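This report covers aromatic ring contacts and charges placed over rings. The sequence and structure come first.

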Amino acid sequence: MATAVISVQCGIRHKVNDISGSDVTVDISLPHESVPRHSEDIIDNEPEEAVENVEDSGPVIMNAIKDEDGEMVATDVIRAAVVSARFRNVAERMGKVDLKFQVTVPQMMQDSRWQLRMIPRLYIMEDSTDLEPVIITGSGYRRKQLRGYEQYRKFLESIISDPDKFINEHQLEMFLKRNIPEIYKFREDSSYVSDEEFASFYGVTEKAAVEHYTRKYQVHANDRRIARKDKMFSRYVKAPIETEGIRIDTVLQESSGDFTYLYTQTVVARPGLKKAEIRMSGNIMEDGKSIYRIPYGEPLTFYISSLSTLADKSVRYLKIITPRRVEANTACYVDFPSGSSEILPGLSNNASEISRIKGNLADLATDVNFDLDSIIVAASSSPEGSLKYNSALSSRRAMSISGYFNKFLEHCRDSARREKGVMMSIGEDLAIDDAPPPVKFISKSNGEDWRMLDTLIARDSVMSREGKEMYWKLRKEPDPDLRENRMRNMSDYRYIRESLYPRLRTVKFNFFLHRKGMVEDTVISTVIDTVYMAGVKAIEDRDYKKAITLLKPYGDYNLAIAYCSMGYNASAEDILRRLPESDKTDYMLALVLSRTGREKEAVRLYYRACEKNPALVHRGNLDPEISELTDKYGKTH
């Protein structure tokens with residue numbers, strides 16, 4: 001027996017040495033282009049077993065499912081073919097890329113006693129990650145695995161889970177019957193008696209009696225078995241059967257030929273993703289231990305094409321219209337003595353309001369970009385008194401304000417000229433800069449401001465609801481003088497007059513300026529539309545969600561590209577239908593229609609696009625939606 005074991009081990013070492021000294025290795029390759037579309041997907045991503053057809057000399061792939069009895073049954077067969085190309089163009093669609101390749105294990109590397117664990121490694125940009133392994137298990141290796149599980153199962157069965165089995169019930173019963181017959185009677189009594197009551201009546205607890213007749217050596221032995229469960233699992237199950245995190249675990253009955261597995265890995269597209277590589281390595285396992293490290297082979301390279309290459313990268317400009325004349329406005333609350341147009345800076349809050357307006361005027365008078373042309377000053381009044389009187393009073397107040405601030409503005413300009421200095425030459429002063437023309441003040445009266453009073457009363461929180469209802473009733477009176485006269489009978493009139501009327505005495509300023517040195521009324525200039533170009537850059541980086549966010553307001557061809565790349569076909573079609581006819585819009589529309597099953601119109605548009613731009617014939621080979629059409633209807637008419 002020992003001689004036979006040594007002979008087997010020598011045979012294994014010899015076979016491993018042969019593999020190590022030859023060029024034989026696990027190969028990854030591209031599926032042959034003649035493989036029917038989507039047939040690569042018949043072996044799904046679930047870790048089910050696959051079955052190899054051992055009656056045929058060539059490599060065969062079968063999809064396997066479990067029947068009602070749990071047995072693996074082959075359902076589909078695909079002939080596999082290996083090609084020598086090490087790269088392929090693949091299309092990114094809807095933010096995902098399918099990388100499809102074949103894993104081929106030569107017959108020489110297969111052995112009933114071995115398990116081959118092959119791990120594809122994916123390289124994307126600066127990252128790399130191990131994909132789900134493909135496992136090929138020899139039938140002898142699997143028998144050892146199952147035998148180990150069976151030995152471990154028997155060990156678990158030797159562990160006693162019922163503590164009553166450790167009690168010597170016969171001796172306990174005899175002891176009670178002979179020495180304490182009163183306790184023995186409880187054997188037929190179904191009523192509940194607590195351990196404390198039992199002990200107080202008989203002098204010994206039921207627990208103590210049971211423990212006395214428990215086989216403690218058996219309990220200790222059982223506890224040792226429980227503590228050794230993990231250790232015994234490692235002893236019996238040297239190579240556990242994995243069911244999660246693997247692509248497939250195939251059990252080969254015998255080595256009759258090369259084994260080929262069609263592997264599909266879906267990758268989520270990243271911004272800037274243009275290339276991916278797959279390399280394969282692995283181990284030959286015996287009894288759960290690696291006896292040979294399968295070295296990395298030549299990589300497969302996938303060049304990832306996307307619709308982003310069809311984007312229009314032309315620079316887009318914004319048209320900026322700059323008007324010569326500009327307008328600004330503000331308002332202030334200047335309080336006047338009743339019936340007066342005299343400006344009193346010390347009255348009420350006038351000082352701060354006047355100071356604010358002076359600050360505005362000083363800024364405008366010294367602005368380096370604008371010249372101040374004119375200022376319209378419009379004054380409003382509160383409605384006490386007659387309408388005629390208040391209109392005239394507002395006019396006088398506007399004129400008073402205009403005169404007051406005109407003097408201030410002239411003072412600002414004189415100060416600015418003095419700060420610039422003068423040049424003395426032969427007894428005459430020459431100003432460095434010509435003085436700007438004087439600012440024209442235009443005074444207007446806005447009369448009684450009833451609209452403002454309406455707003456103040458609607459927002460007021462002091463007046464009662466009845467007071468507001470009375471006001472709105474009186475507000476319907478068309479004669480302002482009669483209306484205000486009737487308001488005096490309101491209980492809230494004093495509050496309205498003292499708190500709200502002062503806020504109606506406003507002065508509004510409209511400033512009219514022009515840009516210095518500008519002659520035409522408008523100047524049109526262009527600048528790069530940075531938002532739009534950022535959207536185009538997002539398409540180039542394949543960040544389509546960002547591209548859609550940025551380009552949505554434009555609704556143009558590039559937005560259709562982004563929509564189509566994310567699979568939003570209806571939105572893309574809606575845009576493309578509204579765009580002028582061109583080679584690219586025809587091509588993109590053909591692609592969208594192909595996706596939605598309208599093949600005849602798609603073919604017509606594709607042919608028309610190729611007539612306009614023959615380069616699109618080659619482009620059609622890269623896009624699966626178009627290549628499906630050309631496979632069915634031909635390249636061109």
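R316 lies over the face of Y532, 4.6 Å from the ring centre. A charge counts as sitting over a ring if NZ of Lys or CZ of Arg is within 6 Å of the ring centre and within 35 degrees of the ring normal. K15 is placed over the face of W114, with 5.1 Å to the ring centre.

The model is predicted: local features need pLDDT of at least 70, side-chain atom pairs count only at pLDDT 80 or more, and totals for chains, interfaces and linings use all residues. Residues are numbered from 1 along each chain as its sequence is written, and side-chain values use heavy atoms, with hydrogens and water left out.

The structure holds 15 aromatic pairs, where rings of Phe, Tyr and Trp (its six-membered ring) pair if their centres lie within 6.5 Å; planes under 30 degrees apart are stacked, over 60 edge-to-face and the rest tilted. Two of these pairs are tabulated.

| Pair | Class | Centre to centre | Angle between planes |
|---|---|---|---|
| F87 and Y303 | edge-to-face | 6.1 Å | 70° |
| Y152 and F155 | stacked | 6.3 Å | 25° |

F87 belongs to strand β4 (residues 87–93) and Y303 to strand β13 (residues 300–305), so their pair ties together parts 216 residues apart in sequence. Strands (E, at least two residues) and helices (H or I, at least four) are DSSP runs, numbered from the N terminus. F87 is exposed at 52% relative accessible area, while Y303 is partly exposed at 39%; buried means under 20%, exposed over 50% and partly exposed in between (1.4 Å probe, protein chains only).

Y152 is buried at 14%, and F155 is buried at 10%. Ring pairs join Y149, Y152, F155 and F233 into a cluster.
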